[in-house]
Amino acid sequence: MFDVKHGQELPDALHDPQPGERQSMTNNEQEPLSIDKPEDEPVYSPVCCKCANLVSVRDRRCRAFPNEIPYVIWSGDNPHTSPFAGDNGVLFLYGRTT
């Protein structure tokens, strides 16, 4: 397939799939690419989504963990009611309803 906008031939992996054809994306090692978080990682946190310190569900960030909330807390295995390494002294504070 030819990319008219850029004036070049597209690799086979970038062609539009035909009806019934399943298209997969791979990296250089020919392994499936993942653009989302792992399937077993919950989108909703039973702990963090009730915390007043939550900043972003999508980015899994809060005032305690501005880069990313640790999985053990996000998954609900740790309620973060006592200090946790790297939490900047900020603990779970009930107060969010979404």
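Modeller: Residues are numbered from 1 along each chain as its sequence is written, and side-chain values use heavy atoms, with hydrogens and water left out.

With a relative accessible area of 19%, S75 is buried; buried means under 20% relative accessible area, exposed over 50%, and partly exposed in between (1.4 Å probe, protein chains only). A polar atom of the S75 side chain lies 3.3 Å from the backbone oxygen of V72. Once its neighbours within four places in sequence are set aside, S75 is in contact (heavy atoms within 4.5 Å) with P42 and P46.

P46 can be followed from its own side, in the loop between strand 2 (8-9) and strand 3 (54-56). P46 is partly exposed, its relative accessible area being 37%, and, leaving aside neighbours within four places in sequence, P46 is in contact with W74, S75 and G76. P46 and P79 are 33 residues apart in sequence, and their C-alpha atoms are 8.9 Å apart in space.

Turning to the aromatic rings, rings of Phe, Tyr and Trp (its six-membered ring) pair if their centres lie within 6.5 Å, and planes under 30 degrees apart count as stacked, over 60 as edge-to-face and the rest as tilted. By this rule the count is 1 aromatic pair. The ring centres of F65 and F84 are 6.0 Å apart and their planes stand at 80°, so the pair is edge-to-face. Because F65 lies in the loop between strand 4 (61-62) and helix 1, and F84 in the segment after helix 1, the pair ties together parts that are 19 residues apart in sequence. F65 counts as buried at 6% relative accessibility, whereas F84 is partly exposed at 25%.

The cysteines give 0 disulfides, a disulfide being a pair of cysteine sulfur atoms within 2.5 Å. For C48, the closest cysteine sulfur is that of C62, at 6.2 Å, which is too far for a bond; for C49, the closest is that of C48, at 6.8 Å, again too far. C48 counts as buried at 7% relative accessibility, and C49 counts as buried at 2%.

As for the whole chain, the protein has 1 helix and 4 strands, which run β-β-β-β-α from the N terminus on. Buried residues make up 21% of its 98 residues. Of the contacts with a separation of 6 or more, 38% are between residues 24 or more positions apart.

On confidence, pLDDT is the predictor's confidence in each residue, from 0 to 100; the mean for the protein is 77, and 56% of its residues reach 70 or more. Where pLDDT is low, the predicted coordinates should not be read in detail.

Key. Helix = DSSP H or I, 4+ residues; strand = E, 2+ residues; numbered from the N terminus. Polar contact = N/O pair within 3.5 Å; in protein donor to acceptor, adjacent residues only side chain to side chain.
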